[in-house]
Amino acid sequence: MSPAPLDILALAAHRDDVEQTCGGTLLKMAQRGYRTGILDLTRGEMGTRGSAEERAREAAEAARILCVSWRHALDIADGRVENTWENRLKVARVIREQRPRVLILPYWKGRHPDHYTASVLGYEACFLAGLAKLNVNLILSTLQASFSQAIAGENPPHRPFKIIYATLYYDVRPTFVVDITDQFEMRFQALMAYRSQFTDQEAGSEIFPAQAEIRSRIEAMARFYGMMAGVTYAEPFLQKEVGLVDDLTAIPVKSI
Ligand SMILES: [Zn+2]
């Protein structure tokens, strides 16, 4: 039996990316009664701090704090997220299985190759997921000896209605922001659930900022995007499409 479709699915390269870029938005949507989900492409085995197992436990705890209905990590190699046929199929399989209405992808430019590659990979996987004649499970089973999914279990084609991009990692002007003033604290707690990454410790202390510094940075970013829209804290997004307006008097954010 297939699960109820997700209203919103956030996809990211690494466990803890979603918590940093759109965790407040996911929590807000869950509080409104929507089914939300997170797909992490990798499991964090290359991280300076902590093992993949530790990060799995931390990711589950963060998902609980953000009231996420579904979370899964694919087995794509950490630090080597590549936009291959096989990886696109792996993501397409999840899209067909979870049938999200809205998909949140990372922005397509960035410092970390895994982040911007995840963006294109996610978009192209959505395209594949909608192709009626493509049997994703059948092809995956021929590509991967370990792929045990029954061929008969192919889900019907599906594409998300809307794809938006979380831009927090890159300095680009968002096309809209989501007010997360009421969700900011819980979102910060979700990030702090990654104790192996963010607790003050010796390992990697030259590349990881201290916890107090992280708090200041996260607050500054959320404040910055909040100020753009006249609220306290917000998360930035970009959509490729234009905005459609029905009632000019209901457009939010003050101009003057
Ligand atoms: Zn990342």
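The model is predicted, so local features need pLDDT of at least 70 and side-chain atom pairs count only at pLDDT 80 or more, while totals for chains, interfaces and linings use all residues. Residues are numbered from 1 along each chain as its sequence is written, and side-chain values use heavy atoms, with hydrogens and water left out.

Let us begin with the whole protein. Its secondary structure comes to nine helices and seven strands; helices (H or I, at least four residues) and strands (E, at least two) are DSSP runs, numbered from the N terminus. The C-alpha atoms fill a box of roughly 55 × 55 × 30 Å along the principal axes. Of the 256 residues, 48% count as buried, meaning under 20% relative accessible area, with exposed over 50% and partly exposed in between (1.4 Å probe, protein chains only).

Now look inside. The largest nonpolar core has 34 residues, and Val-18, Cys-22, Leu-26, Ile-104 and Phe-237 have the most contacts inside it. Such a core is a set of buried Ala, Val, Leu, Ile, Met, Phe, Trp, Tyr and Cys residues joined through side-chain atoms within 4.5 Å. Several elements each supply at least two of its residues, including helix H2 (23-31), strand E4 (102-106) and helix H9 (211-229). The largest share, five residues, comes from H7. Leaving aside neighbours within four places in sequence, Cys-22 is in contact (heavy atoms within 4.5 Å) with Ala-10, Ile-104, Ala-166, Glu-235 and Phe-237. Apart from this core lies another, of 31 residues, among them Leu-11, Ala-92, Cys-126 and Val-172.

Next comes the zinc ion. Its protein donors are His-14 (ND1), Asp-17 (OD), Asp-17 (OD) and His-115 (NE2), lying 2.1 to 2.6 Å from it. Donors are N, O and S atoms within 2.8 Å of the metal (3.2 Å for Na, K and Ca); water is not among the atoms, so sites may look incomplete. His-14 sits in the loop between strand E1 (8-12) and helix H1 (17-21), and His-115 in helix H5 (residues 113-129), 101 residues apart. His-14 is buried at 11% relative accessible area, and His-115 is buried at 14%.
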